[in-house]
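Let's take a walk through this structure, looking at how side chains meet across it. Have the sequence and the 3D view ready.

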Amino acid sequence: MHPYNRLPSSGHNSPSPPHSPLRSPRYRQNRSSKASSGRFINQPGRTLIQRIVWHLLSVLIRRQGFFLFAPLLYISGMLLYMGSGSFPDDRLPIIPRHFAPGSRYRSPQLCEKLRPEMDADNSSADAISTVWKHSFSAYKGGEWRPCVNTSSGVLPESNGYIYVEANGGLNQQRTSICNAVAVAGYLNATLLIPNFHFHSIWRDPSKFGDIYDEDYFISSLENDVRVVNKIPEYLMERFDRNMTNVYNFRIKAWSPISYYKDAVLPRLLEEKVIRISPFANRLSFDSPPAVQRLRCLANYKALRFSSPILTLGETLVARMKERSANYGGKYISVHLRFEEDMVAFSCCEFDGGAQEKVDMTEARERGWKGKFNKPGRVIRPGANRINGKCPLTPLEVGLMLRGMGFDKNSVIYLASGKIYDAERTMAPLLEMFPNLITKEMIATDEELAPYKNYSSRMAAIDYTVCLHSEVFVTTQGGNFPHFLMGHRRYLNGGHSKTIRPDKRKLALIFDNPKIGWKTFKRQLLSMRSHSDSKGFELKRPNDSIYTFPCPDCMCRTNKSEDSKTSLAT
C-alpha cells in the first residue's frame, strides 16, 4: 500500500496524489480566483476608499515579509523627523544610566549623611567588653585547649635531605615552612632550613633567621623531624656545591601526601638530596593525623619570631594595653589592606578620580606586567564590588566600626603597609577614631629603624600586636588574617575573637543613600553578632588547618581532670 493512501485502492493501482499544502501556489491561485469573483471587491455597502484600503491590506497580509522591514522604516522616519529640526542642547532627551545596587562607591556621601546622627548617638554600650560575652555558652562543644604533643622516641636513620624554597609574603612563607616540616617528617627525611624566595612585590631579602628563631625551631622539632642549616659537604660535592644542580621536583598545588610517598620518596632514596621549588601550597589540607600533628607542631610550637622582633612586638602590646586602660587594657586591631598594590590588583574604582586611574594602571603594569591587558580580559569594577572583592577603604572601616557599636574613644591598632594616598584617605578614619595608632606612632624611630626596609619583618611586628588584641577585624582576605584567626583560636579556647564583615552586604548598605542611622546600626550589629557566632568553627574538608586548628591541634575542655588527661594522651 502506498504511504499516501492508507485506504484500500478499490481496484485502482495508482496512488492518490497528496493534498496540496495550505501555502502552495495552487492553493493561493484558487483563493485568488475566488477573491476576483467578487468576494472582496463586489461586496455591497463599501465605498471606493474602503475598498481600496481593504485591497491594500489584503495584499500586505499575503506578502508578510513586508512586516520585517516595517520597524526599520519607522525608525528611519523618526530619525529623519528629528534631524529635520534643531533643538537646544539643554532640551535633548537624556537617558538615565541605571546602576546595580552595590556597584558604586558612594560611602563618602553616606558618611556625610549619617555623620550628625552618628556623632549624637550616646546609646552605645561598652562594645569591646560585650562583643564576645555569649560565645562560649552558646557553642555546644564548649571551649577547646591546645594539645599538640611531641614525640619522645629516637628518630630512625634519615632517608635523605629535602630543600624547599618558600615564596610569597610572611604568612605564605609560613605555610611553606609548616608543610615542609610535615613532608620531611612523613618521609623520614632531614629538612634543610627553608630558603625564602625574593619576590618583586614584597621585595624583602630577609632570611629564615632574620624573622624566626632558628635555634629554637631546630630544637623544638628534634624528636620529630631532623632540621639542619647545612647539607654535608661530601653530598654537595656531587652537585659541584651548587644547589641549582640538585634535582628539582615541580609538584602540583594541593598534592596529597601519598604523591610524596609514591613519587618523591623513591627519588630521595636514590639522590639523597632533592629540591622542591616553588613549595607554597604544594600539600593538600586534608592529610592523615600524623601529618596534621606535624603541621600543628611547626606552626604553634616551633615557629617563634626572632628575639629582636618578639621583644619589640611584646613592647608594643604592653604600650597598647596602657593606652586602653580605660577599657580594661582591651584594644581593637584592624588589618587594613588599602595599599597601592592591593587597590590596583582588586580592579575596583574609588573616589580618586583621574589620578587614581593613572596610578592604578601604572601599579598593575609594574607589579603584573601585561596580566591585566591580555586580549579579551574585561575589568568590571561594579561587578567586583557587588561580589565583595573590593578592599574596604579607611572611611568604610570607620563607618563599619561605629555602626557595630564601638565609640570614638576606642583604642585601635592599625596593621597595614603604606596606605594609598594616605593623607586624603586616612583623614575620615582618624576623625571617627582619634585614638587610632600604628606601629610608627607607638614605636620610636630608633626601635623601627632595623625593620624599615623589610616588609616581612614589619608584618611580623603587626602580627604580634594583632595576636594579643581583644578584637581583631579583618577587611580583606589573605594569609595574614587567616593565620591570625587560627592562632587566636589556639590561644583563646577555640574562639577566633575576629570580626569578619560580609562585604557583599556591606556593598549594598554603603550604596544605599536612603538608609538611616538606626537601620544602618541595626544591620551592622547583626553582622557583628554573626562574627561572634562564627568564632567557633571546626575544620571541614579542604579547610586550612592554619585557620581552623580544631580538632587537629586542639582538644575539648571537659570538667573532669581525668578526661583531660585521656585527651592529651
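A salt bridge, as used here, is a side-chain nitrogen of Lys or Arg within 4 Å of a carboxyl oxygen of Asp or Glu. What you are looking at is a predicted model, where local features need pLDDT of at least 70, side-chain atom pairs count only at pLDDT 80 or more, and totals for chains, interfaces and linings use all residues. Residues are numbered from 1 along each chain as its sequence is written, and side-chain values use heavy atoms, with hydrogens and water left out.

Let's begin with the charges. Searching the whole structure turns up 23 salt bridges. One of them joins the side chains of R304 and D213, with N and O at 3.1 Å. R304 sits in the loop between α12 (289–302) and α13 (307–323), while D213 sits in the loop between α8 (208–211) and α9 (214–220), so this pair ties together parts that are 91 residues apart in sequence. (Helices here are DSSP runs of H or I with at least four residues, strands are runs of E with at least two, and both are numbered from the N terminus.) R304 has a relative accessible area of 34%, so it is partly exposed. For that scale, buried means under 20% relative accessible area, exposed means over 50%, and partly exposed is in between, using a 1.4 Å probe and protein chains only.

Now go to E537. The side chain of R489 meets that of E537 in a salt bridge, 3.6 Å from N to O. This pair links distant parts of the chain: R489 is in helix α23 (residues 479–491) and E537 is in the loop between α25 (517–533) and β13 (554–556), 48 residues apart. Both R489 and E537 are buried. E537 also forms a salt bridge with R500, where the closest N and O atoms are 3.7 Å apart. R500 belongs to the loop between β12 (498–499) and α24 (503–510), and 37 residues separate R500 from E537. How accessible are these two partners? E537 has a relative accessible area of 14% and is buried, whereas R500, at 39%, counts as partly exposed.

Next come the rings. Two rings of Phe, Tyr or Trp (its six-membered ring) pair if their centres lie within 6.5 Å; planes under 30 degrees apart count as stacked, over 60 as edge-to-face and the rest as tilted. The structure holds 19 aromatic pairs. In one of them, F305 and Y463 have ring centres 5.8 Å apart and planes at 80°, so the pair is edge-to-face. F305 is in the loop between α12 and α13, and Y463 is in helix α22 (residues 455–467), so the pair ties together parts that are 158 residues apart in sequence. F305 is buried at 8% relative accessible area, and Y463 is buried at 2%.

For a stacked pair, turn to F483 and Y546: their ring centres are 5.1 Å apart and their planes are at 15°. F483 lies in helix α23 and Y546 in the loop between α25 and β13, so parts 63 residues apart in sequence are tied together. F483 is buried, with a relative accessible area of 3%, and Y546 is buried, with 2%.

Finally, F305 and Y463 also belong to one aromatic cluster with F196, F208, Y212, F217 and F480.
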